[in-house]
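Below is my note on the model you sent, arranged as numbered points. Please read it with the coordinates open.

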Amino acid sequence: MVMMKATWVSVLVLAAVLLVVLLPAAEAVTCSPMQLSPCAAAITSSSPPSALCCAKLKEQKPCLCSYMRNPSLRRFVSTPNARKVSKSCRLAIPRC
């Protein structure tokens, strides 16, 4: 009985360790369209995006679908210039 208990404890500890090691740590992203303000000039004109714009765009990638669903933001993030900025930053436009 004691041996069986020790085996189960060992199996559970091993499973917990594997979960911690194998699952990637989720990074918390605060979705805020204001974080994309460095991209405003590139999105509203034909100027190329800055390095800061690309960094912020990549940081906000998990939020892009919610921005596209928001009627007041959609007109900015779904434009041809926004697509050019994404392409210049080597960021795939998510399928939402």
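Against which helices do the buried residues of α3 pack? The points below begin with the basis of the note and then take up that question.

1. This is a predicted model, in which local features need pLDDT of at least 70 and side-chain atom pairs count only at pLDDT 80 or more, while totals for chains, interfaces and linings use all residues. Residues are numbered from 1 along each chain as its sequence is written, and side-chain values use heavy atoms, with hydrogens and water left out.

2. The buried residues of α3 pack against α4 and α6; helices here are DSSP runs of H or I with at least four residues, numbered from the N terminus. The residues concerned are Cys53, Cys54, Lys56 and Leu57, where buried means under 20% relative accessible area, exposed over 50% and partly exposed in between, with a 1.4 Å probe and protein chains only. They cover an arc of only 165° around the axis, which puts them on the same side of α3, the arc being that of the directions from the helix axis to the C-beta atoms.

3. Beyond its neighbours within four places in sequence, Cys89 is in contact (heavy atoms within 4.5 Å) with Pro49, Cys54, Leu57 and Lys58.

4. A search of the whole structure finds four disulfides, a disulfide being a pair of cysteine sulfur atoms within 2.5 Å. With the bonded cysteines numbered in sequence order, the pairing is 1-5, 2-3, 4-7, 6-8.

5. Cys39 and Cys53 have their sulfur atoms 2.1 Å apart, and the torsion about their S-S bond is about 110°, so this disulfide is right-handed. Cys39 is in the loop between α1 and α2 and Cys53 in helix α3, 14 residues apart.

6. Cys65 is joined to Cys96 at an S to S distance of 2.0 Å, and this link is left-handed, with -85° about the S-S bond. Cys65 lies in helix α4 and Cys96 in the segment after α6, so the pair ties together parts 31 residues apart in sequence. Cys65 is buried at 16%, whereas Cys96 is exposed at 56% relative accessibility.

Conventions: Helix = DSSP H or I, 4+ residues; strand = E, 2+ residues; numbered from the N terminus.
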